Amino acid sequence: MRKLKYLSKRALFRLSPRLAECCGVDFRLDTPSRGFLEQRIFGYLNRLAADRSAPQELLFLGLDKHNWHYPRLLRANFHSLDISPRNAVYGRPGRHRVGDALAMAAHYGPDAFDVVVANGLLGFGIDGESGLRRLLAQCHEVLKPGGVLVLGYNDLRERTPFPVVVDGGLEEFVPAIDGVTASRHMVEDRYRHVYCFCRKAG
């Protein structure tokens, strides 16, 4: 029954992503870390958006079927970037680009976003300290002064065998999220998923 339901959702999405969205179709991953992101972190970002006079501009790095529903959860102009052309089908029309997160500034220019979410990139394509430094530099470039970066990664030796150090004009901060008492919050599951909250100085 579960497999049949999934296949039905996939068929509807292939027929029309817009219709699937109207019907509330999603392919969400049922893990503690994704639940924390979708409920607690997005709730925090939505509160930030509500306090603004202008729409919040948000860039999500890495798009696939499991996070295709995220624009429906966020009060923001949702932009996305993914290196795989095949994942472009999950992007919002006119707001998705195919490209490398390590060269995102070439796509968007400086001071373009209020929020950047980079979840699950470390150890999945960005695999060393130099890649991390390039990612952070690119995030710094595209963020507006005071803009927020949410960096999510698995704190496992096979994924991040290097120190995850934030620098280059980004500073860690403690967000106003219930139960979060430090700038890095680990979700206690087998993936040891950490969310690191940073802000562009200025």
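Is D114 buried or exposed? D114 is buried, as its relative accessible area is 9%; buried denotes under 20% relative accessible area, exposed over 50%, and partly exposed the range in between, with a 1.4 Å probe and protein chains only. The model is predicted, so that local features need pLDDT of at least 70 and side-chain atom pairs count only at pLDDT 80 or more, while totals for chains, interfaces and linings use all residues. Residues are numbered from 1 along each chain as its sequence is written, and side-chain values use heavy atoms, with hydrogens and water left out.

D114 belongs to strand β4, residues 113-119; strands (E, at least two residues) and helices (H or I, at least four) are DSSP runs numbered from the N terminus. The side chain of D114 reaches the backbone nitrogen of E57 at 2.8 Å. Apart from neighbours within four places in sequence, D114 is in contact with residues including R52, P55, L143 and K144, where contact means heavy atoms within 4.5 Å.

In the loop between α4 (104-108) and β4 stands D111, whose phi is near 55 degrees, a positive value in a residue other than glycine. Most residues other than glycine have a negative phi. R192, in the loop between β7 (184-187) and β8 (193-200), likewise has a positive phi, near 50 degrees. D111 is partly exposed at 40% relative accessible area, and R192 is partly exposed at 35%.

The interior may be considered next. A nonpolar core is a set of buried Ala, Val, Leu, Ile, Met, Phe, Trp, Tyr and Cys residues joined through side-chain atoms within 4.5 Å. The largest such core has 30 residues, of which L59, L61, M104, V116, L135, L149 and L151 touch the most other members. Two or more residues each come from β1 (57-61), α4, β4, α5 (129-142), β5 (143-154) and β8, and α5 gives the largest share, five residues. A second, separate core of 25 residues includes L45, W68, A76 and F197.

The largest pocket has a volume of about 780 Å³. A pocket is an open set of points on a 1 Å grid over the protein atoms alone, where a 1.4 Å probe fits, with protein on both sides within 12 Å along at least five of seven lines; lining residues have an atom within 4 Å of a point. Of its 29 lining residues, G62, N119, G120, L121 and F124 are the closest to the centre. The elements α3 (32-50), β1, β2 (77-82) and β5 each give two or more residues to this lining.

Terms used. A polar contact is a pair of N or O atoms within 3.5 Å; within protein, one must be able to donate a hydrogen and the other to accept it, and residues adjacent in sequence count only if both atoms are side-chain atoms. Grid points are joined across faces, edges and corners, and a volume is the space filled by probe spheres set on the points.
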